[in-house]
Amino acid sequence: MTSLDPVLDKDGVRLTVDDAVATVTLTNPAKRNAQSPALWRALAETGRAIPGTVRVVVLRSEGTSFSAGLDRQAFTPEGFDGEPSFLDMARGSETELDATIAEYQEAFTWWRRNDIVSVAAVQGHAIGAGFQLALACDLRIVADDVQFAMRETSLGLVPDLTGTHPLVGLVGYARALEICATGRFVHAEEAERTGLANLVVPAGQLDAAARDLAAALLAAPRDAVVETKALLSGACARTFEEQRAAERAAQGRRLRDLAGVTD
């Protein structure tokens with residue numbers, strides 16, 4: 001990727017901005033970009049730091065693995081330095097535990113904002129929290145060596161970092177249940193066939209493919225993309241008639257804007 005001065009660079013996350021494209025990079029390849037509460041806070045901060053001029057956000061990682069998931073140190077009695085261990089969290093009140101998990105989820109929620117299109121460029125392992133981070137994005141380009149897996153259930157837990165909704169939306173309930181309950185790997189061919197991946201490329205071409213997709217996404221006028229994303233993202237929650245009405249309203253806004261008509 002192009003070398004730019006980082007807007008943010010902390011706790012395994014780096015944000016750079018090149019005009020209308022922001023790039024978020026996971027920067028701890030020595031630990032296969034394993035995730036921690038500090039990384040999640042950095043990702044949430046990244047979402048707040050992205051300038052309003054940005055239209056496309058590319059999520060990528062250094063090294064051979066996109067993200068091997070939650071750092072297993074979280075399950076030790078001592079946990080992470082300066083952080084409550086997961087065992088300590090479990091001993092707290094339900095209200096406190098719910099609030100803590102909600103805070104962690106903030107790292108995974110901003111990627112689907114209507115004002116941006118987010119693209120995950122995924123190589124190697126994307127396991128557990130890594131899988132859910134890829135699912136947080138609107139689109140996914142994957143290398144031919146990708147290995148998705150949802151391992152939380154195998155550890156006696158559930159996927160709780162916002163990944164269940166997009167997973168079911170992409171592959172359907174039955175396949176999503178089977179993927180989560182077995183914890184098996186989903187490889188590139190299946191990912192593309194089932195809709196988890198928009199495109200599969202050789203690993204060496206992953207960054208170039210992400211750049212090409214970002215350029216293609218910038219070709220259409222911003223407001224039209226924003227309105228279209230809002231229409232599509234809300235379609236499943238609307239009835240057919242509600243979606244028709246939403247289309248009419250959105251098109252009316254676009255036509256008035258193109259004609260220079262103000263209310």
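Biologist: Why is Glu83 called buried?

Modeller: Glu83 has 15% relative accessibility, and buried means under 20%, so Glu83 counts as buried. Bear in mind that this is a predicted model.

Biologist: What makes Arg41 and Glu83 a salt bridge?

Modeller: Their closest N and O atoms are 2.1 Å apart, and the cut-off is 4 Å, so the pair qualifies. Arg41 lies in helix α1 (residues 37-49) and Glu83 in the loop between β4 and α2, so parts that are 42 residues apart in sequence are tied together.

Biologist: And is Arg41 buried or partly exposed?

Modeller: Arg41 is partly exposed, because its relative accessible area is 34%, and that class runs between 20% and 50%.

Biologist: How do you know that Arg60 and Asp207 meet in a salt bridge?

Modeller: The N to O distance is 3.0 Å, within the 4 Å limit. Arg60 sits in strand β4 and Asp207 in helix α8 (residues 206-217), so this bridge ties together parts 147 residues apart in sequence. Arg60 is buried, at 13% relative accessible area, while Asp207 is partly exposed, at 23%.

Biologist: What makes Arg112 and Asp138 a salt bridge?

Modeller: Good one to check! The side chains come to 3.9 Å, N to O, and the rule asks for within 4 Å, so the pair counts. Asp138 is buried, with a relative accessible area of 17%. Salt bridges with shared partners also join Arg175, Glu178, Arg184 and Glu190 into one network.

Biologist: Which residues touch the most other members of the largest nonpolar core?

Modeller: Trp111 and Phe148 do, in a core of 47 residues. The biggest contribution to this core is from α4, with six residues. Phe148 has contacts including Phe131, Ala134 and Phe185.

Biologist: How do you know that the buried residues of α5 lie on the same side?

Modeller: In α5 (residues 164-171), Pro166, Leu167 and Val171 are buried. They cover an arc of only 105 degrees around the axis, which puts them on the same side of α5. The face turned away from that buried side carries the exposed residues His165 and Gly169. As for partners, the buried residues of α5 pack against α4 (129-136), α6 (173-182) and α7 (188-194).

Biologist: Why does Phe75 count as partly exposed?

Modeller: Because its relative accessibility is 33%, between the 20% and 50% limits. Together with Leu155 and Leu157, Phe75 makes a nonpolar surface patch of about 240 Å².

Conventions. Residues are numbered from 1 along each chain as its sequence is written. This is a predicted model: local features need pLDDT of at least 70, side-chain atom pairs count only at pLDDT 80 or more; totals for chains, interfaces and linings use all residues. Side-chain values use heavy atoms; hydrogens and water are left out. Buried means under 20% relative accessible area, exposed over 50%, partly exposed in between (1.4 Å probe, protein chains only). Helices (H or I, at least four residues) and strands (E, at least two) are DSSP runs, numbered from the N terminus. The arc is that of the directions from the helix axis to the C-beta atoms. Contact means heavy atoms within 4.5 Å. Patches are made of residues with over 30% relative accessible area and no salt bridge: like charges are joined within 9 Å, nonpolar side chains (Val, Leu, Ile, Met, Phe, Trp, Tyr) within 5 Å. Accessible areas come from the Shrake-Rupley method with a 1.4 Å probe; for residues, only the protein chains shown count as cover. A nonpolar core is a set of buried Ala, Val, Leu, Ile, Met, Phe, Trp, Tyr and Cys residues joined through side-chain atoms within 4.5 Å. Lists of a residue's contacts leave out its neighbours within four places in sequence.
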